[in-house]
Amino acid sequence: MAWQGLAAEFLQVPAVTRVYTAACVLTTAAVQLELLSPFQLYFNPHLVFRKFQVWRLVTNFLFFGPLGFSFFFNMLFVFRYCRLLEEGSFRGRTADFVCMLLFGGILITLLGLLGSLFFLGQALMAMLVYVWSRRSPQLRVNFLGLVTFQAPFLPWALLSFSVLLGNSILVDLLGISVGHIYYYLEDVFPSQPGGKRLLLTPGFLKLLLDTPEEDPDYLPLREDQLELPPPQQ
């Protein structure tokens with residue numbers, strides 16, 4: 001019964017968050033069970049473009065290391081802030097959210113070439129946290145139950161803690177940088193004199209992913225408005 005309740009709760013999570021989190025957990029489980037090797041997942045431009053192992057463009061975002069504190073810490077942040085964005089500023093805009101992830105993933109991959117980074121999931125997580133924090137500047141965040149601060153400081157606290165765990169500072173800096181580029185193009189530049197939205201979601205994605213809005217001018221048929229009389233005794 002507890003398992004059924006957990007499964008039902010998980011199905012209430014927005015679709016993109018649910019799919020990405022599940023993919024990360026299943027990928028790590030496959031590595032832990034030795035069904036896959038990290039060497040089959042990491043980002044390697046030579047293997048991608050010369051050997052056509054194109055799956056590495058995706059799998060390098062799904063592996064957060066072996067089971068341990070670092071993995072669960074990263075999964076907590078991925079799940080929480082991906083969900084907060086999808087249920088918050090992207091509510092009803094699944095296609096826009098997917099486009100944000102695609103934009104972030106492509107730019108992180110291109111910039112990752114400069115730093116010879118092999119796994120970029122943590123950079124994507126840092127991007128999600130950064131975008132959420134800039135869109136929620138008045139909220140106060142309790143970090144690990146130790147300190148409370150305004151939301152915009154969260155990405156930097158996360159970067160500092162990541163370095164303490166022995167991770168490369170480049171990964172988090174990359175995610176923060178890409179997050180800032182997205183935030184500027186989507187939230188700042190359009191409101192500037194002469195500015196406009198540059199990141200436009202393709203129409204086919206909106207048709208495929210977004211729930212159609214109810215027409216405010218729709219008038220129900222008379223039959224829809226009828227109330228059945230109560231049954232007679």
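This note goes through the structure point by point.

1. **The model.** This is a predicted model, in which local features need pLDDT of at least 70, side-chain atom pairs count only at pLDDT 80 or more, and totals for chains, interfaces and linings use all residues. Residues are numbered from 1 along each chain as its sequence is written, and side-chain values use heavy atoms, with hydrogens and water left out.

2. **Overall make-up.** The protein chain has eleven helices and two strands. Both kinds are DSSP runs, numbered from the N terminus: helices are H or I with at least four residues, strands are E with at least two. Read from the N terminus, the order is α-α-α-α-α-α-α-β-β-α-α-α-α. Of the 233 residues, 39% are buried. Buried means under 20% relative accessible area, exposed means over 50%, and partly exposed lies in between (1.4 Å probe, protein chains only).

3. **Contacts along the chain.** A contact means heavy atoms within 4.5 Å. Take the contacts between residues at least 6 apart in sequence: 62% of them join residues at least 24 apart.

4. **The core.** The largest nonpolar core has 44 residues. Such a core is a set of buried Ala, Val, Leu, Ile, Met, Phe, Trp, Tyr and Cys residues joined through side-chain atoms within 4.5 Å. Phe77, Phe97, Met100 and Leu154 have the most contacts inside this core. Elements that each supply at least two of its residues include helix H5 (69–87), helix H6 (94–115) and strand E1 (140–143). Leaving out residues up to four places away in sequence, Phe77 touches Cys82, Met125, Val129, Phe143, Leu154 and Leu158.

5. **Helix H7.** H7 covers residues 121–135. It spans 22 Å from first C-alpha to last, close to the expected 21 Å. The expected span is 1.5 Å times one less than the number of residues. In H7, 13 of the 15 residues are buried, so the helix is largely enclosed by the rest of the structure.

6. **H7 against H8.** These two helices pack at about 155 degrees, with axes 8 Å apart. Axes are lines fitted to C-alpha atoms, for helices over the stretch in contact, and angles run from 0 to 180 degrees between N-to-C directions. H7 is therefore roughly antiparallel to H8, a label for angles over 145 degrees. H7 brings residues including Met125, Val129 and Trp132 to the contact, and H8 brings Leu154, Pro155, Leu158 and Ser162.

7. **Cover over H8.** The buried residues of H8 include Leu154, Leu158 and Phe161. Among the elements covering the buried residues of H8 are H5, H7, strand E2 (147–150) and H9. Just after H8, Gly166 has a positive phi of about 95 degrees.

8. **Thr28.** This residue lies in helix H2. Thr28 is buried, at 1% relative accessible area. Beyond residues up to four places away in sequence, Thr28 touches Leu62, Phe63, Phe64, Gly65, Leu67 and Phe71.

9. Most residues other than glycine have a negative phi. Glu34 has a positive one, near 60 degrees. Glu34 sits in the loop between H2 and helix H3 (45–49), and is exposed at 71% relative accessibility. Phe52 also has a positive phi, near 60 degrees. Phe52 is in the loop between H3 and helix H4 (56–59), and is exposed at 62%. Ser116, which follows H6, has a positive phi near 50 degrees.

Key:
Angles under 35 degrees count as roughly parallel, over 145 as roughly antiparallel, 65 to 115 as roughly perpendicular and the rest as oblique.
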